[in-house]
Number of protein chains: 2
Amino acid sequence: MAKIRVPGFQFAGVACGIKKSKKKDLALIFSDRPATAAAIFTTNRVKAAPVLVGMKRIRRGMVQAIVINSGNANACTGSKGVQDAEAMCRQVAFRLGVDPKLVFPSSTGLIGMPLPMSKVRGGIEKATALLSPQSFSQAAEAILTTDRFSKVSSTWCNIGGQRVVVVGMAKGAGMVAPRMATMLAYILTDAAVQSRCLQRLLSRAANETFNCITVDGDSSTNDTVLFLANGVAGNRVIALGSKEEQVLFEVAKKVMKDLALKLVKDGEGATKLVEIRVERSRSVADAKKIAYAVANSLLVKTAFFGADPNLGRIMAAIGYAGVRIEPSKIGVSFDRVHAVRNGIVLNANERKASRVLRRPSFKVCINLGQGKESASVWTSDLSYEYVRINSAYRT
Amino acid sequence: MAKIRVPGFQFAGVACGIKKSKKKDLALIFSDRPATAAAIFTTNRVKAAPVLVGMKRIRRGMVQAIVINSGNANACTGSKGVQDAEAMCRQVAFRLGVDPKLVFPSSTGLIGMPLPMSKVRGGIEKATALLSPQSFSQAAEAILTTDRFSKVSSTWCNIGGQRVVVVGMAKGAGMVAPRMATMLAYILTDAAVQSRCLQRLLSRAANETFNCITVDGDSSTNDTVLFLANGVAGNRVIALGSKEEQVLFEVAKKVMKDLALKLVKDGEGATKLVEIRVERSRSVADAKKIAYAVANSLLVKTAFFGADPNLGRIMAAIGYAGVRIEPSKIGVSFDRVHAVRNGIVLNANERKASRVLRRPSFKVCINLGQGKESASVWTSDLSYEYVRINSAYRT
């Protein structure tokens with residue numbers, strides 16, 4: 001695979017000893033010029049220190065550097081945690097000669113432990129010295145915790161005759177390993193984009209991608225999706241409501257969906273990627289509620305793991321989702337195999353359904369027979385491995 | 001242990017072949033005279049046929065017999081299912097010489113399969129012939145599915161100088177085994193109670209007992225709690241708002257709490273019984289929301305299984321419960337060991353905390369530092385065994 005590059009951005013990923021495994025644990029992303037920035041943060045009321053600092057940064061709408069450490073979430077660490085996150089930014093700013101207010105911090109890893117600042121300082125020194133346009137994959141590796149593989153994605157499009165690149169990296173779906181908590185994603189483009197336009201674009205795309213996945217239903221203290229647009233491509237600045245906004249939205253969504261599905265595939269202990277699609281619902285919100293109830297049901301997820309087409313559990317989850325439904329109108333199918341019609345389980349098709357559930361990836365389609373709206377949520381199965389990973393006391 | 005008896009009630013529990021295991025699968029509870037009846041049903045919008053019939057029955061406020069089959073939930077079976085539930089009632093009524101409208105049906109087991117009515121008919125015939133005041137435990141056994149043990153409880157009190165007995169039996173917490181869905185409970189007393197008083201008493205007591213437990217957060221299509229009061233004790237009928245209502249409420253709550261905790265202890269794969277107590281909350285509703293978020297978090301439950309005092313996961317669950325909290329005011333303790341103070345994790349106490357988590361039963365106390373209200377929820381841990389039970393395809 002060719003190296004991922006995006007004009008005007010440099011990267012570094014180094015190991016500085018925060019992780020006992022000696023794996024890479026500090027990443028740096030640097031734009032040659034201040035970039036328009038938009039972000040989405042965890043809705044959790046317990047927010048990690050870097051999230052609190054990041055929320056302040058994003059108000060100005062400009063970011064030039066991102067510093068991310070893995071192995072320690074800097075969460076539940078009180079005011080000391082905020083000071084540490086600020087100190088990380090100051091050091092990066094000093095080394096790169098930029099305003100500290102243009103440096104955005106992220107952390108992921110153990111919750112409730114103070115950041116080992118001398119190690120972090122060593123890492124920042126090393127990383128700033130190694131910055132290179134070619135080191136995207138090193139940075140993508142350094143943000144991982146217990147992920148089994150790096151999640152990266154890249155694409156391009158034409159905007160006003162100008163070639164524009166959109167790339168992304170992400171880590172960890174749900175709250176990942178013992179005390180490792182976070183979904184982080186960084187989307188970068190060389191397009192020039194108006195600040196408000198970038199935020200709307202990110203929110204819309206996240207709504208159809210990162211906000212449609214679940215591994216264990218736990219939302220973390222550190223979740224952050226950051227989108228930077230540095231304008232190096234030289235296109236006319238993309239404005240709110242323009243045709244170009246829609247073009248960039250589509251490619252950004254493509255990158256984000258690619259990353260989101262990779263997050264689910266790498267969900268803890270996941271052996272299957274399952275799309276829960278709800279159709280003919282009265283509203284998109286209703287469809288999403290039902291899709292999430294099914295996607296988060298432990299009983300449904302363990303049945304997926306066992307390739308058991310357990311319609312009773314799916315019907316029960318539809319029933320407790322809190323949406324006004326008409327049980328006798330419901331149809332359910334697995335890929336193309338019909339399993340429920342008019343609310344009644346079709347036992348004759350059970351073997352065929354079970355064969356679908358043995359596939360590494362399949363779609364559960366729920367037809368409510370009510371309205372015209374639909375929505376999808378992507379989930380994983382629940383395996384022994386999930387319990388093993390999450391019950392193992394860290395040593 | 002002495003046999004459980006309650007004046008004026010007879011019982012039977014037989015095997016009629018609904019379960020392949022040949023275990024008991026049909027229970028009958030019969031009151032010598034029509035009893036005042038109150039009930040609570042699943043809030044799931046997909047309701048099993050016997051629940052639909054039971055809801056109709058309870059409107060009249062009187063029940064004389066309960067017929068329960070296990071091994072088949074008679075859910076997602078369409079109008080045929082309702083006809084079958086009605087037919088069960090009619091047969092019991094005919095054999096016992098009572099009005100079919102006084103017979104209340106329940107089912108628990110596989111969802112989506114038609115009831116094997118010839119077997120059910122054989123079972124009813126056998127059970128009606130075996131009715132006896134001494135067969136409480138046989139009936140309690142016949143309502144089980146994959147429960148590891150019977151859940152029964154019994155107590156008594158004085159009401160106006162009259163000794164009054166309250167007993168109960170229950171099965172299966174959450175949605176129990178593959179396609180086995182249901183929490184069923186039957187509370188019986190020989191006290192005479194006004195109909196509206198009995199319903200209020202049941203609702204209040206369930207709110208503090210059955211509605212405070214969770215195993216996997218999945219609510220079933222068949223959940224039913226039924227309370228019968230046959231008045232054989234001869235006390236003055238207990239009226240709404242009387243002193244006697246409070247006395248009966250306390251003993252009924254005791255029986256129901258005893259059953260509720262047994263349900264959690266016997267939760268699928270459970271190795272621990274954990275009380276999640278939330279204190280100093282602004283409202284009881286807020287306290288319950290937070291307690292449930294913590295009690296249902298897969299990450300918290302797997303950490304309990306591994307005896308990992310993972311405060312990050314608990315803090316994260318508190319944060320996403322949807323309640324306005326002040327993270328810096330939160331305290332968390334395990335039994336008497338303080339683990340979080342002012343929102344900051346006390347790493348020094350980690351070993352002590354881990355020792356608490358190795359106990360078969362312990363309390364997690366979350367102090368929000370906001371108001372004066374509190375609430376408890378009881379939960380189990382999440383083990384390999386849960387995944388094994390629920391992923392195994394029934395053969």
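**Close-up views of the predicted model**

**View 1. Confidence of chain A in the predicted model.** Chain A has an average pLDDT of 91, and 95% of the residues score at least 70. This is a predicted model, and for the complex the predictor reports an ipTM of 0.77 together with a pTM of 0.81.

**View 2. Residues 176–180 of chain A, where pLDDT stays under 50.** For this stretch of chain A the model has 24 contacts beyond four places in sequence.

View 3. Domain 1 of chain A covers 9–265, and domain 2 covers 273–391. A distance of 33 Å separates the C-alpha centres of domain 1 and domain 2 of chain A.

**View 4. Contact between domain 1 and domain 2 of chain A.** Eleven residues of domain 1 of chain A are in contact with eleven residues of domain 2 of chain A. On the side of domain 1 that touches domain 2, the elements giving two or more residues are β8 (213–214) and α6 (243–265) of chain A. Of the elements on this side, α6(A) gives the most, with four residues. By residue class, this side of domain 1 of chain A comprises eight nonpolar residues, two polar and one charged.

**View 5. Helix α9 of chain B.** Helix α9 of chain B spans residues 311–319 and is mostly covered, with nine of its nine residues buried. The buried residues of α9(B) run from L311(B), G312(B) and R313(B) through I314(B), M315(B) and A316(B) to A317(B), I318(B) and G319(B).

Definitions and conventions
Residues numbered from 1 in each chain as written. Chains lettered and ligands numbered in written order. Predicted model: local features only at pLDDT ≥ 70, side-chain atom pairs only at ≥ 80, totals over all residues. Domains from an automatic or database assignment. Contact = placed C-beta atoms within 7 Å. Nonpolar A, V, L, I, M, F, W, Y, C, P; charged D, E, K, R; others polar. Buried ≥ 20, exposed ≤ 12 C-beta atoms within 10 Å, placed from the backbone. pLDDT = per-residue confidence, 0-100.
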